[in-house]
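Hi,

Here is the structure I promised to pass on. Have a look at it, and below you will find my notes.

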Amino acid sequence: MKRIFAMGEAVIAISVGVIVLLGYFIDIPAISIFRIILFKWAVILAGVAVLIGMWNLFSNHLKKIREWKPDSFYSFTLLFFMLLTIMASFSPALQPLQSGLLNGIMVPVEISLLAVLSVTLLLASLRLLQVRRDLASILFMATTLLVLLGMGSWPYIGQLPIISTWVRSFVTNVLAVGGARGILIGVALGTLTTGLRIFFGVDRPYGGK
Amino acid sequence: MNLTGLIGLGFVAFSAICLAIFAVAQHRAPFTFRKIPAFSRIQHSVRLLVENGSRLHFSLGNASMLGTDGASALVGLALLRRLGEITSLGDRPPIATTGNAVLNLLAQDTLRAAHNAVMPEDPFDMTNARLTGFTPFSYAAGVMASTQKENISSSVLIGNFGSEVGLLAEAASSQGVTVISASDNLIAQAVLYVTSSDMLVGEELFAAGAYNQAGSAHAASLIVQDVLRWLIILALLAGAGLKLAGLL
């Protein structure tokens, strides 16, 4: 029975994959319409998954509170604001509270984390040459410094003559773009073969294989 | 049907045929690949954590499974399945964190399958796969909070991340955790280059399955990628040549 279910899952996944793929490349109205319907179903299922995800987040933190771990206070705060936000989204009278929670807490906290990240990256960059002393690291640091030098408008001198005009432009528009395209082509090919493995039913993340 | 669509479909069909041929060839005579230090480190870390009773943390990022960035998460899931089976035998089962609801469901299912493959009689704890946040930074903050005091010795960050992955890698490194990371996102790759000791660059991410004995199809897909890459290089060179000759 289990094997029949697993096969059924694979047949559905592969059939949907074939329709979506053909609909993407071939302009046949019947396939295109069916492809859009399948996408709509996928969006609805993703919406349901968000609800399940919320429950997962809720139950994880509830478990922490029950176990009374030292950091349970954070879990309690999270659950309190989670419930408050859900309540605010259902009641029109509490709509201003929802935007207040978003703009007053969520956005500033995320911006603060971004600021922490910039300091973290600066420190990590300074440590890079201690940890990994190879040509790639030296090149990475030299390029970063060169681009930073070329970006800024410096006191008294303004922009640096050759670095700001020619070097920075060459590094960012020629070398970096070329390298990025190379990496992206590699990633695209990897994406294609990953998709094909799922298409053939070799990888089945949906059935735990 | 337009010409671009036809070429695209032909390219996919050609890749599929190559994949099937190389998968059969891999069965007969296994391919050998160059050594990638990050994969050796993964295998070493996994062996160590089974011995010393610590835990593996697997972060799959926040890829949307409805977009193209989902491929990196699928690679992560394949690796999670493989490493999940090995580490489920230890005292502490692995934990997976995600920043996307659909991905979290897949991570739960994958961890459960890995657990059931080695310990079918023991119940599986569904909270081992955790959705820690819905936005990139809340996800990162949630991962940092939920992996503290879990006795983690290795952290594998594979999937679609943004710059927030720097916080994850740095937080793990500061706790003495071995960090192995890979992402399909260019910004994340640059950030990981300075914050992570072992990282996979570019398409090396898609070699995860092949280097961890996930099956012949994974090894075959690496060869297909190489074949396609050479075809693209030849096409680019031919295009440049034709342009120089004034024929394009």
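Is B:Asp125 buried, partly exposed or exposed? B:Asp125 counts as partly exposed, because its relative accessibility is 31% (buried means under 20% relative accessible area, exposed over 50%, partly exposed in between, with a 1.4 Å probe and protein chains only).

Before the rest, some housekeeping. This is a predicted model, so local features need pLDDT of at least 70 and side-chain atom pairs count only at pLDDT 80 or more, while totals for chains, interfaces and linings use all residues. Residues are numbered from 1 along each chain as its sequence is written, chains are lettered from A and ligands numbered from 1 in the order in which they are written, and side-chain values use heavy atoms, with hydrogens and water left out.

**Between the chains**

Back to B:Asp125: its partner in a salt bridge is A:Lys63, with the closest N and O atoms 3.1 Å apart (a salt bridge is a side-chain nitrogen of Lys or Arg within 4 Å of a carboxyl oxygen of Asp or Glu). This pair crosses between chains, running from the loop between α4 (101-118) and β3 (129-131) of chain B, where B:Asp125 sits, to A:Lys63 in helix α2 of chain A. Helices (H or I, at least four residues) and strands (E, at least two) are DSSP runs, numbered from the N terminus. A:Lys63 counts as partly exposed too, given its 29% relative accessibility.

Chain A and chain B have two salt bridges between them, plus twelve residue pairs in polar contact, both residues being at pLDDT 80 or more. For a polar contact, take a pair of N or O atoms within 3.5 Å; within protein, one must be able to donate a hydrogen and the other to accept it, and residues adjacent in sequence count only if both atoms are side-chain atoms. On the side of chain A that touches chain B, two or more residues come from each of α1 (2-25), α2 (29-67), α4 (95-131), α5 (135-151) and α6 (161-199) of chain A. Of these, α6(A) gives the most, with 15 residues.

In total, 58 residues from chain A and 68 residues from chain B take part in the contact (heavy atoms within 4.5 Å). About 5200 Å² is buried between the two chains, 72% of it on carbon and sulfur atoms; that is the accessible area (1.4 Å probe) that two parts lose on being put together, summed over both.

**Helix α1 of chain B**

The buried residues in α1(B) include B:Gly8, B:Leu9, B:Val12, B:Ala16 and B:Leu19.

**Within chain B**

Across the whole structure and over all chains, a search finds eleven salt bridges. One of them joins B:Arg130 and B:Glu150, with the closest N and O atoms 3.1 Å apart. B:Arg130 lies in strand β3 of chain B and B:Glu150 in the loop between α5 (136-146) and β4 (152-160), so the pair ties together parts that are 20 residues apart in sequence. B:Arg130 is buried at 11%, and B:Glu150 is buried at 8% relative accessibility.

Another salt bridge is B:Arg229 with B:Glu203, at 3.3 Å from N to O. Here helix α9 of chain B, which holds B:Arg229, is tied to the loop between β6 (198-200) and α8 (208-211), which holds B:Glu203. Shared partners also join B:Arg55, B:Arg130 and B:Glu150 into one network of salt bridges.

Cheers
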